[in-house]
Amino acid sequence: MTDLVVRKIAWEFDESVPFNWQPQNPAFGLFCNAFTFIAVPFERYIVSVVRRAEGKLSDDPTVASEADAFLRQEAQHASAHRKHMLALVARYPELERCYEDACAAYDRLLDEQPVEFHAAYIANLEATFTPLFKVLLDNRDSLFTGGDWRVASLMMWHFVEEIEHRSSGLILCRHINPDPWYRVKHIKGTFSHVGSVMEEIATTFDAVVPFDDRGLSAVELLSKGFFTREFRNRLPGRKRRPRTGPPSLFGPVPTMQLVTMAWRLALSQTPRHDPADQPLPDWADTWMREYDRGTDMTKFFGFSGSAGTAER
């Protein structure tokens, strides 16, 4: 049986949530906003895929239990990010296009591909979350401090739970199609599609949100090759020359941590990859212990304005 915990947290967002919720690192804040707008359609896509695969999953009680817990956690994520999304849409109504376009992109994908492809897509994308979110949580002080406590706490909760269910997507994928090379075959299709959805979101951000409210171009920040650009700007001698491209998303993160993350991201797409074996951020356990103690996790990290700081 699965050991995933479905945590129902009373997230609250309103129009007072700024688009640039992390003024100390607008690039990171913009990335998290894009994450919100893709998270809701992606969770909706996961639900559709698992429902289509129910006949294949129900023949193994352990896998069926994993699928049920996975869906219920993802449903909580979708509900919470929807609240953040709607708060931003209340400020900028045309941002609704981000959600509509992303849903349409996933609906087209559902119509065009078999359930085996969709299971591979989910497993491929979810496999990248542990190395990526480990870096973000390990550098939480430099990335989140000074940001709006509501958005910071939301993001950190989601990152922790993605690490908790890091194996779920691959468990379902391997049950639906045991061939480990099938998933690998669709790596390019997975990330090409994710990239196109993110590009549409970024384009709408730039068209709808005034530059003064976002601080940089979303299209430039989230364009293909931003990892390559990040490493290029960190080459020896680059510090003596002007930085090229938009501000760094990972500016405060040590270079060796980024190198390790890139290596683990590559390994996550190999046929024998097992997310259960990945190194995890120690702070994830801290978050879970605080939740078990009854701490208000909606205010667990960030800057609360007049109330002062609440960093942990």
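How do the residues of the lining of the largest pocket divide into nonpolar, polar and charged?

1. The lining of the largest pocket divides into 23 nonpolar, eight polar and four charged residues, where Ala, Val, Leu, Ile, Met, Phe, Trp, Tyr, Cys and Pro count as nonpolar, Asp, Glu, Lys and Arg as charged, and the others, Gly among them, as polar. This is a predicted model, in which local features need pLDDT of at least 70 and side-chain atom pairs count only at pLDDT 80 or more, while totals for chains, interfaces and linings use all residues. Residues are numbered from 1 along each chain as its sequence is written, and side-chain values use heavy atoms, with hydrogens and water left out.

2. The volume of the largest pocket is about 990 Å³, and of the 35 residues in its lining, F191, V194, M198, F226 and F227 lie nearest the centre. Two or more lining residues come from each of helix 1, helix 5, helix 7 (149-164), helix 10, helix 13 (226-232) and helix 14 (255-267), with helix 10 giving the most, seven residues. Helices here are DSSP runs (H or I, at least four residues), numbered from the N terminus. A pocket, on a 1 Å grid over the protein atoms alone, is an open set of points with protein on both sides within 12 Å along at least five of seven lines, whereas a cavity is a set where a 1.4 Å probe fits but cannot get out; lining residues have an atom within 4 Å of a point. Grid points are joined across faces, edges and corners, and a volume is the space filled by probe spheres set on the points.

3. The second largest pocket holds about 170 Å³ of space, and 10 residues line this pocket, with D3, L4, E164, R166 and S167 the closest to its centre. Its lining divides into two nonpolar, four polar and four charged residues.

4. There are three cavities of 30 Å³ or more in the structure, and the largest cavity has a volume of about 60 Å³. Its lining consists of V49, V50, A53, L57, F70, A119, I122, G169, L172 and I176, and the largest share, three residues, comes from helix 8. By class, nine of these lining residues are nonpolar, one is polar and none is charged.

5. The second largest cavity, with about 50 Å³ of space, is lined by L170, C173, R174, N177, P178, D179, P180, R183 and P271. Helix 8 and helix 9 (180-185) each give two or more residues to this lining, which has five nonpolar, one polar and three charged residues.

6. Helix 4 (residues 96-112) has 17 residues and spans 25 Å from first C-alpha to last, close to the 24 Å expected at 1.5 Å a residue, that expectation being 1.5 Å times one less than the number of residues. Its buried residues (under 20% relative accessible area, with exposed meaning over 50% and partly exposed in between, for a 1.4 Å probe and protein chains only) are C98, Y99, A102, C103, A105, Y106, L109 and L110. Seen down the axis, these buried residues of helix 4 fall within an arc of 160°, so they line one face of the helix; the arc is that of the directions from the helix axis to the C-beta atoms. The face turned away from the buried side carries the exposed residues D111 and E112.

7. P26 belongs to helix 1 and counts as partly exposed because its relative accessibility is 27%. Although P26 and R214 are 188 residues apart in sequence, they are 7.1 Å apart in space, C-alpha to C-alpha. Leaving aside residues up to four places away in sequence, P26 touches N20, R214 and L216, contact meaning heavy atoms within 4.5 Å.
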